Amino acid sequence: MTSPALDALFDQDAGSLAPTGGGAEPFRRLHERYADELASLSARLAAKRRAILDGGWSADFSDREGELLYITVREARPDVVVEISPCHGYSTNYILAALSSNGGGVVHSYELTAEVDGVPTEEVIRGNLLADLPGDALRVVVGDARAQEIPPAGVLLIDSAHEDHFAAWAFETLIPRAGYVLQHDLVVSSRDHYEPKGWRVGPRESSFVLEALRRSGRTFFSAAAGARHLHGRDAHLVPRFPATERAILYRGHQPSAGTRTLCARVLAAHDARRRALEGVRPSRLEAPAGDDDFLARCIHATLLADLGYTGAELRSLLDETRPSPSHELSSGELVYYFHYLHHAGFWRELARALLAGPRCANPGFARTLKRTRLRDALGL
Ligand SMILES: C[S@@+](CC[C@H](N)C(=O)[O-])C[C@H]1O[C@@H](n2cnc3c(N)ncnc32)[C@H](O)[C@@H]1O
């Protein structure tokens, strides 16, 4: 089902990561609508989270992300929720609690790990659920999610492998069949701007997803912006894990041609890396024909550098893999671009990019990224 109240939240731009402010009031109203349910749930989940951690398990979902997940399932009233991945079942609690309040629905949870410290994963997850939740509404599937038949989801939670190729798989297979998508570890709030989570380690899931959304003309809502919108109005809730908010929420959709190009390139690069590890390394690695996409060329050039093609083949890409002066890089592209310059060892080009340009839709983030990369380069 669609929810106008959820749809009113999506005001954050995927290129600049700036919210327009249009989602603030709708989010406060939604939070208020579920205030009583959240108050009771937060108290019970605080105790449950402590028990999960005391049992030696992990539970990594911040308070406001859990609330956003709960609100989304309450509002969308899905027959089917898909969860990739539950780990030890902490996020599963929020989903089952919302399904229980909805009065129906099932959740299919896909987890790679077969057992934890000798205990079968499904047993761990079920043992970590609040006692009054409808356990029969939970289907646990153990194994690589990419090898499973996954049903279309009214609500899809993605908190799994944080690599760009895993996200590309989700954009090709799951997101076109989903109502709402809540994806973890994507956007964090910094002092005067928002930035892709974990960009310091290079382009992974966050930079990819933000760019994939931008190319498909999609806006989103981040839990980080939600935290600012609330201005402490949730102080009555019992803290469970008051960590930095990282999740975003958006509508499932058919990706645009530009997004599909990006998915294909990231998946091809992943495949080439995997084959190289198995000893298959062709003497030349051609970029797929007809490729005039700046970001796709960055990804290809990074691949060449990673696989050790350091000669003329890589150098010939340099001129083509430079943003034109009129090109304003999105937040995601910026991460890919600096990663490419560093990995390809184009130091003069990197110095030029650090000191001047390129233009970026998210100036606050561009300043932070350049300052950090400059410090890294100087060993400070
Ligand atoms: C960050 S944890 C999930 C945390 C969980 N949502 C919670 O509330 O604590 C990510 C999980 O994704 C699982 N995972 C990674 N790659 C996967 C794959 N290809 N298929 C299924 N699960 C995967 C990992 O085993 C890990 O348990």
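These legends describe close-up views of one predicted model.

Local features are given where pLDDT is at least 70, and side-chain atom pairs count only at pLDDT 80 or more, while totals for chains, interfaces and linings use all residues. Residue numbers start from 1 along each chain, following the sequence as written.

**View 1. The shell around the ligand.** The ligand is surrounded by 20 residues. The closest are S85, C87, Y90, S91 and L112. Helices here are DSSP runs of H or I with at least four residues; strands are runs of E with at least two; both are numbered from the N terminus. By class, the shell holds 10 nonpolar, 5 polar and 5 charged residues. Nonpolar covers Ala, Val, Leu, Ile, Met, Phe, Trp, Tyr, Cys and Pro; charged covers Asp, Glu, Lys and Arg; the others, Gly among them, are polar.

**View 2. The cis peptide bond at S85.** The bond from I84 to S85 is cis, with omega near 15 degrees. S85 sits in the loop between β1 (80-84) and α5. S85 is also one of the closest residues to the ligand.

**View 3. Strand β1 and its two partners.** In β1, 4 of the 5 residues are buried, so the strand is largely enclosed by the rest of the structure. Buried means that 20 or more other C-beta atoms lie within 10 Å of the residue's own; exposed means 12 or fewer; partly exposed is in between; C-beta atoms are placed from the backbone. β1 runs parallel to β2, joined by 4 bridges. Strands pair if DSSP finds at least two bridges between them. β1 also pairs with β6 (residues 153-158), in the parallel sense, over 4 bridges. V82 has H108 as its bridge partner in β2. V82 also stands opposite L156 in β6. Together, β1, α5 and β2 make a right-handed β-α-β unit. Right-handed means that, with the strands pointing away from the viewer, the path from the first strand over the helix to the second runs clockwise.

View 4. Strand β7 (residues 178-183) is mostly covered, with 6 of its 6 residues buried. β6 and β7 pair in the parallel sense over 5 bridges. Here I158 stands opposite Q183 in β7. β6, helix α7 (residues 164-173) and β7 form a right-handed β-α-β unit. β7 pairs with β11 (residues 248-251) in the antiparallel sense, over 4 bridges. Here V181 stands opposite Y250 in β11.

**View 5. Two loop residues with positive phi.** R77 has phi near 45 degrees, a positive value in a residue other than glycine. R77 lies in the loop between α4 (63-76) and β1. With 19 C-beta neighbours inside 10 Å, R77 counts as partly exposed. D117 is not a glycine either, yet its phi is positive, about 50 degrees. D117 belongs to the loop between β3 (115-116) and β4 (119-120). D117 is exposed, with 8 other C-beta atoms within 10 Å.

**View 6. Helix α8 and the residue G217.** Helix α8 (residues 205-215) is mostly covered: 11 of its 11 residues are buried. Among them are F208, L210 and R214. G217 follows α8 and has a positive phi, near 70 degrees.

Conventions: A residue is near a molecule or strand if its C-beta atom, placed from the backbone, lies within 6 Å of it.
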